[in-house]
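Please find below a short note for a colleague who is meeting this structure for the first time.

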Amino acid sequence: MKNHPSIIIFALLIGISACNIQTDKTKTSSQDKFINLPGYFKSEEKQISQAGIDMEKTVLLNGKSEKNTFNSSDTAVIQHLMKPFADVDLNKPSLRDEYDTTSLTDPFSGRKSVIYKSRGQQTNPEEITMDLDKNGIIQQISVHSYTSNMVYEYRQHLVYQRGKSVMINTYQKFAFLSPKELEITVKPIAKNQL
């Protein structure tokens, strides 16, 4: 009779721990449906900032071009530049079942392309294409977004090439107004070799 309370407490502890283990598994599998793009771009942002290299930024607004340079250790500039990429989060609950995934693998090089394509007409982004090397590290990402209604049209094309360039192209048109197109390209400045 004296052992019954300890057996009941032991069984209760096992039951509670089993429930906690099951809850953790459910959370992990539901969060990993798509590649964690915000995490990837936060890591890239940190790596670029720590590199401290000179970058050239070209801004093209409705056909008028302007160039300037900055150092990548300026974290505010890098954060602003990477924000449109870091905002792409397909693991948001509202987007969980909105994309079809297609993967293509090159059997010779081991490189892989992953394409996320929206199932709906107005889901943003509409399509994401990623190229991964044989180790599974993302080398290039292209993001296409499109929204249109009777008053407004918006298109955005983002391209990130790891260690090479960032390109952001945005087109906006409001009814009865002329369209605006903005393209920003950022590349590292090549050092002259003697």
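1. Helices (H or I, at least four residues) and strands (E, at least two) are taken here as DSSP runs, numbered from the N terminus. On that basis the protein chain has 3 helices and 9 strands, and reading along the sequence gives the pattern α-α-β-β-α-β-β-β-β-β-β-β.

2. This is a predicted model, in which local features need pLDDT of at least 70 and side-chain atom pairs count only at pLDDT 80 or more, while totals for chains, interfaces and linings use all residues. Residues are numbered from 1 along each chain as its sequence is written, and side-chain values use heavy atoms, with hydrogens and water left out.

3. Of the 194 residues in the protein chain, 28% are buried, that is, under 20% relative accessible area with a 1.4 Å probe, protein chains only. Where contacts (heavy atoms within 4.5 Å) link residues at least 6 apart in sequence, 39% of them join residues at least 24 apart.

4. Strand S1 (residues 54–61) pairs with strand S2 (residues 64–71) in the antiparallel sense over 8 bridges, pairing being assigned if DSSP finds at least two bridges between two strands. Leu60 has Ser65 in S2 as its bridge partner. The two strands, S1 and S2, form a hairpin with 2 residues between them, and Asn62 in the turn has a positive phi of about 50 degrees.

5. S1 also pairs with strand S9 (residues 180–188), in the antiparallel sense and over 7 bridges. Here the bridge partner of Glu56 is Lys187 in S9.

Definitions and conventions: Buried means under 20% relative accessible area, exposed over 50%, partly exposed in between (1.4 Å probe, protein chains only).
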